[in-house]
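This report describes a protein chain, going through its helices, its aromatic rings and its charged side chains. Please look at the structure first and then read on.

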Amino acid sequence: MTALRTTFYSYKGGVGRTLALLNVGAWLAANGRKVVAVDLDLEAPGFGLSSLTRRPSQETLGVSDLLRDRYNGGTRSFEEYYYHLPASQVGTAADNFFLLPVGTDPLWLSRILPELYQDPNSDRAELFLLLLDEIEAALNPDFILIDSRTGRADIAGVAMLELPQVIVSICGLNEQNVEGMQRVLTDLRQHPAHRADVLTLLALSPVPSENVLLPHRGDASPVPALLDTGSSAKAIIDPRVLLKRRIDEIKAQLFVEIQREFDQSVQKRFPELDQTDLFHQLPYDPLVPLTDELQISRPGDLGRSYGKLANVIARARTGDPGLPQFKPRVGPRL
């Protein structure tokens, strides 16, 4: 079987896109799957900038160097461009997790992108597909996880249109994130290169947890969900009510269309999944910025959420039974 290709995308930064990719990859690797993560965030690359993903040597070659070499007809060994995830993160599972960083010349890659697609029938237009072929031939992975550029950059178009079979759309809760994501997903559906059978998963991040939102008065008694303070003052609204309302609004803007596409054309390609697999919430964890470790190393609500997302991606690959910690759920459809 060939690798399942999954792009992680966010319209804006700061929502934990790269961290989600790494944690999902760690869950898959820890359960015996071979994973290759490719960093295509050309303007703000993340791989290798912390001990989470630090390369064991000073060599910094990566995908931009590889593609430049192949663009110029070079044959430098593929082994020089990738490395294993540090064993400190996932122990022996690091043998299953390979990282292909951006490399030393992302500006070159960004600059030549428009040229690659001037003639869709040229060999150069196949450059990224050849990259996938080379990854498959060299490493024979089960999963290729692609970290996309944010916004509407050319490389984001490549990562969202040309490469994936699955798109994980990671969206913050504020209006900029939601409106931006809605426009990008709409443009994708209308693009001539869009494939109707690409699976889209929606993950909201970071989502405040119940104990963070629970408000208290001075006597430590909970504030009512809605407290009418009179016509001259605004009602006090329980933040938990606001959060539920906001999530419902986001679902109406983004998720309804994802569900419709799934029912009409996507589920035929991914028969092991159902609508309950499409929507995910990644809880806010204040320790994430303070600890340089993947959540698989420190189980909690966020770690379990990454595991559930990893399980869906595992089951999306034909013939994969899913992760043993996360059996397919049984229940009514949304």
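Which residue follows α1, and is its phi positive or negative? Gly 32 follows α1, and its phi is positive, near 85°. The model is a predicted one.

**Helix α1**

Helix α1 spans residues 17–30, which makes 14 residues. From the first C-alpha to the last, α1 reaches 20 Å, close to the 20 Å expected at 1.5 Å a residue. Of the 14 residues of α1, 12 are buried, so the helix is largely enclosed by the rest of the structure. Among the buried residues are Leu 19, Leu 21, Leu 22, Val 24, Trp 27 and Leu 28. Arg 17 is also one of the buried residues of α1, and Arg 17 takes part in a network of salt bridges that also links Asp 41, Glu 43, Asp 147 and Arg 149.

**Helix α4 and its two sides**

In α4, the residues Pro 106, Trp 108, Leu 109, Ile 112, Leu 113 and Leu 116 are buried. They cover an arc of only 145° around the axis, which means that they lie on the same side of α4. On the other side of α4, Leu 107 and Arg 111 are exposed. The buried residues of α4 are covered by parts that include α2, α5 (127–139) and α6 (154–162).

**Aromatic rings**

A pair of aromatic rings is described by the distance of the centres and the angle of the planes. The count of aromatic pairs comes to four. One of them is formed by Tyr 71 and Trp 108, and this pair is edge-to-face, with 5.4 Å from centre to centre and 80° between the planes. Tyr 71 lies in helix α2 (residues 63–71) and Trp 108 in helix α4 (residues 106–116), so the pair ties together parts that are 37 residues apart in sequence. Tyr 71 and Trp 108 are both buried.

Phe 78 and Tyr 82 form an aromatic pair that is tilted, with 5.3 Å from centre to centre and 40° between the planes. Is Phe 78 buried or exposed? Phe 78 has a relative accessible area of 8% and is buried. Tyr 82 has a relative accessible area of 17%, and because buried means under 20%, Tyr 82 counts as buried too. Ring pairs link Phe 78 and Tyr 82 with Phe 98 into a cluster.

The charged end of Lys 251 sits over the ring of Phe 279, at 4.4 Å from the ring centre. The charged end of Arg 317 sits over the ring of Phe 143, at 5.9 Å from the ring centre.

**Salt bridges**

Side chains of opposite charge can pair when their charged atoms come close. How many salt bridges does a search of the whole structure find? The search finds 21 salt bridges. Three of these pairs are listed here.

| Salt bridge | N to O distance |
|---|---|
| Asp 142 and Arg 317 | 3.4 Å |
| Arg 260 and Glu 257 | 2.3 Å |
| Asp 301 and Arg 304 | 2.5 Å |

The salt bridge of Asp 142 and Arg 317 links distant parts of the chain: Asp 142 is in the loop between α5 and β5 (143–148), and Arg 317 is in the segment after α10 (301–316), 175 residues apart. Asp 142 and Arg 317 are both buried.

Arg 260 and Glu 257 are three residues apart in helix α9 (residues 239–266), so about one helical turn separates them. Arg 260 is partly exposed, with a relative accessible area of 36%. Glu 257 is partly exposed as well, with a relative accessible area of 24%.

Asp 301 and Arg 304 both lie in helix α10, three residues apart, which is about one turn of the helix. Arg 304 is partly exposed, with a relative accessible area of 43%.

**Backbone details**

Two further places in the backbone can be looked up. Ser 205 and Pro 206 are joined by a cis peptide bond, with omega at about -15°. Pro 206 is found in strand β7 (residues 199–207). Asn 140 has a positive phi of about 50°, although it is not a glycine. Asn 140 is found in the loop between α5 and β5.

Terms used. Residues numbered from 1 in each chain as written. Predicted model: local features only at pLDDT ≥ 70, side-chain atom pairs only at ≥ 80, totals over all residues. Heavy atoms only, no water. Phe/Tyr/Trp six-rings, centres within 6.5 Å; stacked < 30°, edge-to-face > 60°. Helix = DSSP H or I, 4+ residues; strand = E, 2+ residues; numbered from the N terminus. Buried < 20%, exposed > 50% of the residue type's maximum accessible area, 1.4 Å probe, protein only. Lys NZ or Arg CZ within 6 Å of the ring centre and 35° of its normal. Arc of directions from axis to C-beta. Contact = heavy atoms within 4.5 Å. Salt bridge = Lys/Arg side-chain N within 4 Å of Asp/Glu carboxyl O. Expected span 1.5 Å × (residues − 1).
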